[in-house]
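Welcome, and please have your viewer ready. We will go from one selection to the next and look at what is there.

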Amino acid sequence: MGPRVHLIDAHVYIFRAYHALPEMQAPDGTPTHAAYGFTNTLLRILAELEPTHLACCFDHSLVSFRNRLELDYKAGRTEAPADLEPQFELCLRASRALGIASFSVPDFEADDVIGTLCTGLLAHSASVVVMSSDKDLAQLVTEDGRVVHLDFARGRTLDAAGVREKFGVPPARIPDYLGLVGDAVDNLPGVPGIGPRSAAAILECFGALDDVPPPEDAKAWAEVGIRGAARLAAALAEHRERALRTRDLATVRRDVPDLDSDPEALRYRGADRGQVKRLFSRLGWGEIATRIRRFADDPNGG
């Protein structure tokens with residue numbers, strides 16, 4: 001087996017820091033609280049998990065190819081607050097200054113970058129820890145345990161059994177599940193009247209959305225074993241195209257071009273002393289710099 005690689009869904013932690021921390025500014029007036037909190041999270045990850053291989057994956061922007069397919073996709077979230085917008089670049093620079101391989105690909109979301117890296121890393125015999133609180137990424141978890149989903153803030157790791165326990169469906173059925181229940185975070189509607197419990201029951205009985213029978217097959221729907229099955233069958237028949245569309249939009253891409261998934265490219269060797277000094281000095285981050293445990297130019301830096 002190859003190394004264990006941690007793939008960080010950067011924007012989850014950027015937005016969390018933005019909403020959690022009070023406003024901060026660099027000496028030149030640039031807002032920095034989201035970038036500071038994000039950098040603090042990266043330092044915690046490095047200190048507490050001691051990853052040997054890792055990467056940070058960023059949304060290139062708040063819109064992607066999905067916005068062309070669905071005009072209402074992430075409606076209300078396609079523009080960042082004015083004081084957050086300049087901090088995305090600071091977060092990317094901070095990640096690279098800390099020596100973490102960092103990826104941002106035009107027209108794709110971080111989820112797609114993570115999915116593509118994950119697939120490539122498995123082909124290189126590595127295992128993967130997907131670090132995010134995004135339920136969409138639970139679809140990447142594998143039955144053999146080589147990919148798990150870690151919500152770092154809550155300290156909760158989901159393997160395939162954990163995904164089943166939480167959602168009632170196996171990892172591979174998460175897109176179908178979201179097609180039925182929708183995803184309010186991404187403004188993707190599901191099927192009216194179908195909630196988490198009924199969605200799990202439907203998929204447990206029939207498998208994929210494509211295999212769900214029409215409402216006329218009353219005998220098959222009776223096997224679902226939930227109250228109101230006939231009503232749910234009619235609702236799904238009426239909104240089937242919508243459910244399939246939501247499923248497709250919720251499916252993580254695994255074919256983002258030009259990504260190097262060789263584990264050696266993601267080996268952690270330590271922070272770049274020059275980049276840290278320049279960036280942290282500009283931002284007025286004196287104390288946080290003292291928490292960096294490893295520099296690439298140290299004799300034992302890797």
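**Stop one: paired strands**

Begin by selecting strand β1 and strand β4 (residues 127-131): the two run parallel and are joined by five bridges. Strands here are DSSP runs of E with at least two residues, and helices are runs of H or I with at least four, numbered from the N terminus. Two strands count as paired if DSSP finds at least two bridges between them.

Before going on, a word on what you are viewing: this is a predicted model, in which local features need pLDDT of at least 70 and side-chain atom pairs count only at pLDDT 80 or more, while totals for chains, interfaces and linings use all residues. Residues are numbered from 1 along each chain as its sequence is written, and side-chain values use heavy atoms, with hydrogens and water left out.

Now pick H6, and you will find it opposite V129 in β4. Select I8, and its bridge partner in β2 is C56.

How many residues of β1 are buried? In β1 (residues 4-9), five of the six are buried, so the strand is largely enclosed by the rest of the structure. Buried means under 20% relative accessible area, exposed means over 50%, and partly exposed lies in between (1.4 Å probe, protein chains only).

**Stop two: aromatic rings**

Across the whole structure, a search finds seven aromatic pairs. Rings of Phe, Tyr and Trp (its six-membered ring) pair if their centres lie within 6.5 Å; planes under 30 degrees apart are stacked, over 60 edge-to-face, and the rest tilted.

Select F15 and F88: their ring centres are 6.0 Å apart and the planes meet at 55°, so this pair is tilted. The pair links distant parts of the chain, with F15 in helix α1 (residues 10-20) and F88 in helix α4 (residues 85-97), 73 residues apart. F15 is partly exposed at 26% relative accessible area, whereas F88 is buried at 13%.

Then move to F280 and W285, whose centres are 5.3 Å apart with planes at 70°, so they are edge-to-face. F280 is buried, at 2%, and W285 is also buried, at 4%.

**Last stop: charges over rings**

Select R253 and F65: the charged end of R253 sits over the F65 ring, 4.8 Å from its centre. For this, NZ of Lys or CZ of Arg must be within 6 Å of the ring centre and within 35 degrees of the ring normal. Finish with R273, which lies over the face of F295 at 4.1 Å from the ring centre.
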